[in-house]
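Hi,

Here is the structure I promised to pass on. Have a look at it first, and then read my notes below.

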Amino acid sequence: MKIVFNRQEICNAVAPLMCAVSGKSTLTAVEGILFEAKEDNTCVLTTFDLEKGVRIVIEAEVQQPGCYIINAQKFVQTIRVMEGQTVTLTVNEKLGAEIVSANSSHKMNALAGADFPEIPRLTSQNGFTIKQGVLKEMLSKVMYAMGVNDQRPVLNGCHIKIVDNTLYLVSCDSFKLAKCNVTTEIGSLSAQNTSDFSFIIPSKTVNELYRMLDSDEEATVTVYTSRKNIIFDLDQMIFFSRLIDGDYIDYNRIIMTTHRITVCVDRAVLIGALERAALVTEERIAGSVRSHVKLAVSGDYLKISATSTAGSTYEELYVEHEGDDLIIAFNNRYLIDSLRACTADRVKLSMTSPLSSINIEPCEQQEDKELFLLLPVRMKD
């Protein structure tokens, strides 16, 4: 195999490929990039860590077609430090690879392309199209609440459901929940012409997908689904992943809809006050434990305070308050993340008791509905 790449183009292409390179597997092939050089002067680059994968097609001068695996980290490090405008990759029959650019060359070992693990089928009749900007904005609202190592596997990801032209996203862990929906144009690819879908995407896949999606309002992504896998076709790049098997929790059952106390406050002002409190709650001092932030609703004021071994803080905000007075405490970082996920200028905090969950939502609920739930922490004093 012998391929001549434009160095800048190959550098740009391998960057997204690295998210699907495994570094802890006993299978050497998943630590590499599969190069498939074709006679039509295109090269297909694939990485797959057995959970998620990326495939990119780029143009190159293919002088000799072939299919081999090159260690991803070594290849990337090598081409980044080379100075020529082109990079020539050659692999001989004895699996010896040579990378040449300008007056420098570097040799390494390769693997046969047949050693690469089998990837899922990357096309399906079951799927839909949606604008990338819409999907990216929705993911930004729920990503923070995904579980990471939760004992319930279905919580270690984002639940996505489509009914007609409405997209629903939900994520939840043991402390927080984020739920949002939007009505948008969704094109169905299903042979049955159905527009209903439901699946759970793993947390790591969601984080990588968010980076790949374009905020452009005109760009679209084609999503193919099967029982075990999901494929995102982003024009020149295909991103695919396994799905989490199982039924998502009945999240509507755990969301309280009736509260005795409501507080409306400017979101940016509240976040600013909590960030200042974070100087105390998140101070890293040997032997200290992160403390909570305490919210005291009294009359037309919301009193924010925190105390730790690093010191203490206190601040008052003017708010619109209905109902009883209340003192409640939260993990400060979780509360900040929940408020940042909300897009409204003014938010409504709905509460009932010091040990009941709080709902965070726009004071004036918009057509694109969003709700964020957070459990309080038990106060020690």
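Before you start, keep in mind that this is a predicted model.

Phe128 has a relative accessibility of 4%, so Phe128 counts as buried, the cut-off being under 20%.

How do you describe two rings sitting together? A pair of aromatic rings is described by the distance of the centres and the angle of the planes. The structure holds 10 aromatic pairs. One of them is Phe128 with Phe197: the centres are 5.0 Å apart and the planes make an angle of 50°, which is a tilted pair. This pair links distant parts of the chain, as Phe128 belongs to strand E10 (residues 127-131) and Phe197 to strand E15 (residues 197-202), 69 residues apart.

Another pair to find is Tyr144 with Phe372. Their planes are at 45° and their centres 6.4 Å apart, so this pair is tilted. Where do Tyr144 and Phe372 lie? Tyr144 is in the loop between helix H3 (132-142) and strand E11 (157-163), while Phe372 is in strand E27 (residues 370-374), so the pair ties together parts that are 228 residues apart in sequence. Tyr144 is buried with a relative accessible area of 18%, and Phe372 is buried with 0%.

There is also a cluster: ring pairs link Phe5, Phe35 and Phe75. Remember Phe75, as that residue turns up again below.

Lys136 lies over the face of Tyr210, 5.0 Å from the ring centre. Likewise, Lys161 has its charged end over the ring of Tyr168, at 5.4 Å from the centre.

Now for the helices. Helix H1 (residues 7-17) and helix H2 (residues 72-81) have axes that come within 10 Å and cross at roughly 145°. The crossing of H1 and H2 is left-handed. Which residues make the contact? On the H1 side they are Arg7, Ile10, Cys11 and Val14, and on the H2 side Phe75, Val76, Ile79 and Arg80. Sorted by class, this contact between H1 and H2 has 6 nonpolar residues, 2 charged ones and no polar ones.

Cheers

Conventions. Residues are numbered from 1 along each chain as its sequence is written. This is a predicted model: local features need pLDDT of at least 70, side-chain atom pairs count only at pLDDT 80 or more; totals for chains, interfaces and linings use all residues. Side-chain values use heavy atoms; hydrogens and water are left out. Rings of Phe, Tyr and Trp (its six-membered ring) pair if their centres lie within 6.5 Å; planes under 30 degrees apart count as stacked, over 60 as edge-to-face and the rest as tilted. Helices (H or I, at least four residues) and strands (E, at least two) are DSSP runs, numbered from the N terminus. Buried means under 20% relative accessible area, exposed over 50%, partly exposed in between (1.4 Å probe, protein chains only). A charge sits over a ring if NZ of Lys or CZ of Arg is within 6 Å of the ring centre and within 35 degrees of the ring normal. Axes are lines fitted to C-alpha atoms, for helices over the stretch in contact, and angles run from 0 to 180 degrees between N-to-C directions. A crossing is left-handed if the near helix is turned anticlockwise from the far one by less than a right angle, and right-handed if clockwise. Contact means heavy atoms within 4.5 Å. Ala, Val, Leu, Ile, Met, Phe, Trp, Tyr, Cys and Pro count as nonpolar, Asp, Glu, Lys and Arg as charged, and the others, Gly among them, as polar.
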